[in-house]
Structure formats: C-alpha cells, structure tokens
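Let's take a walk through this structure together, one step at a time. Have the sequence and the 3D view ready, and follow along as we go.

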Amino acid sequence: MMDPATMLSLLISTTLILAIYTILYRENPAFRIGEHLVVGATVGHAVVLAVFQIRDLAWRKVESGIATGNIAGIAYIIPMLLGVFLYFQFASKYRFLARVSIALMLAVGLALSIRGLIFVNVIGQIQGALAPLTGIDRIAYLIGVVCALLYFVYERRASRAAGPLPKIGRYVLMLTMGAYFANTIMGRLSIVIGTLTSLFVDPAWYLIPVAFLIICADAFIRRKGSKSEKAG
Amino acid sequence: MMAFRDILRRNYKQVIYLALFLSLAVPLIYPIGLPVPIQRTTMGVYNKIEGLKPGDVAVVGSNIGAAIYAEVYPQYIAILEHLFRKDGVKVILVGHGQEAPIWAERALGEINAYGRKTYGVDFVHLGYIAGEEAAVAGLCRDIRALLKVDYKGRALADLPMMKNINTAKDFTIVLDFTASADSQYWLNQAYAAYGTAVGFGLTAIKVPDAYAYYTAGQIFGILESLSGAAQYEVLIRRPGMAAKGMDAQSLAHLLYVALLVLCNAFFIREWRGKK
Amino acid sequence: MAGVWRRIASAILLIASLVILFDFALRNPTLQSVATDLNNWAVVVGAFALGIGAYSLILRHGRMISKRSPLWPYSLLLLGTMLAFIVTGLATGSITSPQYNWIYTAIIMPISSSLYGMNAFFIASASYRAFKAKSWEALVLLVAAIFLMFKNAPIGGVISPILPQIGGIIWDFAAATGMRALLIGIGIGTLALGLRVIVGQEKTPLGGAE
C-alpha cells in the first residue's frame, strides 16, 4: 500500500503529464499552468544550487583562509565580487562592471575548449581518418571525409580544382543527417516511453481515460458551438 | 465511409498521435519479448569495467536531468551496479548538471550502495560543481584546490579513499552520462590532457558525434540511449526498465517508417499526376 | 568610465586565456598554480551565474503582476513555484532531502520529460506530412534514416537480418566520414572564433556592439 505522500506526488505528476500532453489537442490553460510551473521550479532549483555552490566553492575557502591566515583562501573574495558584478548587467548605468566577470568566464572557457578541441576534434579525428588504410572501406572513408570537408569549403560553388568532390561531399553529409534523424526519433521515443512507464502505475493510470473524456467533451462542445454559429 | 475519410484528412494529426500512443503503450502493457542484440560499443564499456582491478578508480560524471532521465538513468544504474560488483574498485560520482546529485543519490539508493559498500572507502559522491568545462578541468588538474568538501559537507581530507586521488592521472577510467555538448568536457580535459580512458552513456541524439570518437579510438565505448541500457542490463543480468521499453521502440519505429513511406508514396502519386 | 572597464575586461580576457593555453604547453609549476586559481575563480563566478535567470524572471514577471497584464495569474504561479523551491531547498539544506525530492518528483520530473518527449509526436505528424523526397539529396537522407531506424530497433533484425546489416554499413560510413568532417569543422571553427575573441577582433561577447 502506497503512503499518502507518495500517492499524492504520483497523482500530481500524472495530472501534470496529461496537462502537458493536452497541447497535442490544442493550446489550453492546463498546458500553460504546466509550462509556468516548470519554469519557476527550474529557476528556483538553480537558485538553491547557486547558494550551496557559493558556500562550498568560495565561502568555505574564505572562512578557512581568514582562520589560518592563508592569502590564497582569502583571495576568493575576488571571484565572489566578480560574481556579484554579473548582476549589474541589468543596470544600464553599471553594465560595464559585468564585462569583467564575463571576460574571466569567457577566457577560461575558451582557452580550455581550444586546447582540448585541437587534440580531440582536429588532430585526433584526422589521425582517425588517416588510420592504417588497410582495406577498401578505409580508403572509401578517407575519400568521404575529404569530400565532406571540401563541401564545407566550396558549398555549391563550382570549382575546377575540386571538381565533383564537393557534390559527393553533400551526399555524404546527407547520409550523416539521416543518421541524426534516425537517432533523434529513437531518443524522443525513449523519453516518451519513460513518461508512459510512469503513467501506467496504479492508481495514476485511471486519470488517462478521464483526460480522454475531457478532451472528447471539449471537442464535441466546440464542434456543436461552431455548427450553431454557422446556422445562426 | 466518406465521413471517416473526411475525419482522417482533416484530423490526420490526432489520428497519428493516437497511433503513436498505442504503438508505445500496448507493448508496455503486453510485452512482446523481442531479442536485444548487443553492439560492440556496449561491449567496449562492459569489457573495460570487467578489466578493472582492485585499487582502480572509476569516475562517473553525469548531467542527468528530468528531461532525459528515461534515456540515460537506466544506463547509469546498470553501470553503477556493475562497478559496485567489482571488489576494490573505487568509484567517484560527480555531477556537471544541476539535477545530477538528485539522480546520483537515487541511483545509489536503488543499488543499495550505502548498504553493500563503505562510503569514503569504496565510493564518494562529490555532488554538482558549477562552471561547465572549468569545473571538469578543475577536477582533472587538482581536486583538493577546487573542492574542500564532498556532497554531504564532509571534508575530503577525512575520506580515506581521497588521500591518493587528486588529479586525472589518478583516474583509471571516466564514464560520463549526458545529453549535451558537455560530453566533450571529459574528452578535452581528461583524455587530451592526461590520457585518461573515457567512455560515454549518451542520449540517442549525441551518439553520432560520439561514434566518430569511438572509431578514432579516442573513447572505449558508448551506451546508446535506452537501447544501450537494455543491452547492458542483459550483459550484467539485471533486467530493468530499459529491456521492457525496446518492444515499444520497435513498434513505434515501424510506425515512423510506415508514415515516411506513405508520405513519399502520396508525393510520387501527386508528382506523376502533375506530369 | 565604461571605456576604461571595457579595456580592463579585454586585458583580462587576453591574459587569462594565454595563461591557461601556455600552462597546457609549458607545464611550469608557477604557471600551473596561477592557471588552477584562474580556473577555480571562473567556477565560482559560474556559480553566481546560476541565479541570473531568477533575477531576470523576477524583474519581468514582477512587472507583469504589478501592471495586471492579461496573463498575470500565470506569472504569480511561476514566482510562487520558484519561491517554494527556494524555501524548501534552503530550509532542508539539501536538494536530496525527502521534502525537496517530493516537489522535484511531483513537478519538475513529469513536466520536463513530457515537454521533451512531445517532439516524438510532432516528428510523427511531420513524417506523414512534410518529409517528402523532393530532391536526390533528400531521398538519400530518407533512405539512410529508414535503414538506420531498422538498425536501432530490434524489430529490424526480426523482419530480416539484412535490414540492420545495411543500417550498420550506412552507420559506419556516416560516422567515419560525415560526422568526422563535422567534428573537424567544429574544431577548426571554434579555434578560429576563439582566437578572434581572445585577441579582441570579436567585440560582441564583451558588449562591444553597443
């Protein structure tokens, strides 16, 4: 037997799932309520995390720095100040202060990405493409990569140097897009399967026919209303 | 008959939605039991974990959230179950997504981690760390400079297993469970900088990118969406939600193929008619 | 004043980037220590950034409530939910406390997963209505997608073993060619754009377009 709190949570979550799926029928207040709930909840969650993160990643270090006289710890007041400066981007007079914080985040993020991507995406992938050309399939793969890269350079422009290769590259990329499409379908279906699995739980699933009945009643009433309008 | 065809033509969207709902719902209620073939990307992850020895360190990163839990959470549980079956292997859980700690604690509860292993000796949960790639870089370069405490506020210095683990050089493998571009972070920071072996558990939409890394030998394996989770559940003989979902996937995929074929059949008929 | 701060920001961008890039190349202990501190400082600033969404939402929806704009009850619901999560999280001291887990499971989990999953239905209706092979390229895309769908779902192998095999060949080819080319392109593009931002050629990230 389920405890009352779990039962209530199950009923609320089932109602919200069905409320969101009513958008497949038409735009309605139930969907809007669900939308606004999730936006508020997600942002509230982010604020809670922000408080805990600032406490654990900065404030504890400042406290321990002050207690032990460690300058490196006390220096964490600087990023805390820079963090506060971020909020000045909403004040047009002091927006320039936010730029310093953004500059630091941008610098670290970009530098870390650049140094990683060179080795992983560029050198690593070129090495993968040039990997021992031991069979016809490997040679075909290499030609395919070259054609696709040439398509990025030339697109649809005619080129004597490249010849038909960019056009072949376009077809290679269409195969890749087909792969992304098939995988997108698989991904979205997996999410729906997860949602349905949580719907088909006793006693929540009784709400499904109730939702169907409400939608059918609404469709019937709207159809009758539009018919009588036309007759009038 | 004419009225039915009229309804079909005017309300084709609702008819398709209903067909899709039924193709997913019916196999969930009445499973068919289709076989789940094991792919080599899944075997790559399995063999890597099977090959871990006592004292090896497995870092399990995640960006699991409510939006993608159906795809990635079953993989996460299966992997943690496998890791926890390996005696002496140290497991570090860390999140680079805002909801990650919630799912980490749920998974630890589902596999009875606290009951079968000792926290601080066999596994540690570091919680969520803000900062995206900078957070992962900080973990790889010097954990104790970044974090003083674990997820529950216990000092890292007090956790016995963290005494000898401080940089990515001390990690044996990294497994990351995510849906977005942040799967790149561990590749950039752990693999590129320290040569750490990296594997992924991904949503289906990210798998094509990751497969290019796999064929280049940069990652040791990928768990591909719900299918990968189902395969792993078969390998570790722990049936779960994923295996049940594959029947529903199959029927729904057939529906999509039928819709695509129908659409293009009508298009060709129209085109021939115009000619 | 704003001009001076923009120059300071550009200088921080250049110097911090160079420290982290050179640290990767040189492995000097002093440089490593400075790079670690810069990295961890960026993490702290990133933690503060988590609250920006809340600040912006409070400003916008607060205005809608005070002006009683048409959808103001929804704005009240939004802000109320936000407050409920903040109070619960801070009062219980953890996002994995039973109370916080309860509201997370009741609200965020079902709505987030439903919103994401809805795409499956929209793709299905688009598959019937819009995905017409009007060109040879589109035909290649659709045929590849169909074989890959038979590879992804176990039923492909049940209908005929040749279907997932063809799907596997297409998958291996697409991964080794198109996806590889995309990743190389992303790497080179990020490198080019990143270097332009670091040396100050791209001004918009620091608000230079104003």
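We begin where two chains meet: the contact takes 42 residues from chain C and 50 residues from chain B, and two residues are in contact if their C-beta atoms, placed from the backbone, lie within 7 Å. Keep in mind that this is a predicted model, in which local features need pLDDT of at least 70, side-chain atom pairs count only at pLDDT 80 or more, and totals for chains, interfaces and linings use all residues. Residues are numbered from 1 along each chain as its sequence is written, while chains are lettered from A and ligands numbered from 1 in the order in which they are written.

Now turn to chain B, where six strands form an open sheet in the order 3-2-1-4-5-6, with parallel pairing. Strand 3 (123–128) and strand 6 (222–224) of chain B are at the edges with a single partner strand each, so one side of each has no neighbour in the sheet. Neighbouring strands of this sheet are turned by 15° against each other on average, direction ignored; axes are lines fitted to C-alpha atoms, for helices over the stretch in contact, and angles run from 0 to 180 degrees between N-to-C directions. Two strands pair if DSSP finds at least two bridges between them. Strand 1 (residues 57–62) and strand 2 (residues 90–95) of chain B pair over six bridges, and B:Ser62 has B:Gly95 as its bridge partner in strand 2 of chain B.

Helix 11 of chain B packs on this sheet, touching strand 5 (197–202) and strand 6 of chain B. Its direction makes about 110° with that of strand 6 of chain B. Is helix 11 (residues 225–235) of chain B mostly covered or uncovered? Mostly covered: nine of its eleven residues are buried, meaning that 20 or more other C-beta atoms lie within 10 Å of a residue's own, with C-beta atoms placed from the backbone. Among them are B:Leu226 and B:Tyr232. After helix 11 of chain B comes B:Arg237, with a positive phi near 55°.

Notes: A residue is buried if 20 or more other C-beta atoms lie within 10 Å of its own, exposed if 12 or fewer, and partly exposed in between; C-beta atoms are placed from the backbone. Helices (H or I, at least four residues) and strands (E, at least two) are DSSP runs, numbered from the N terminus.
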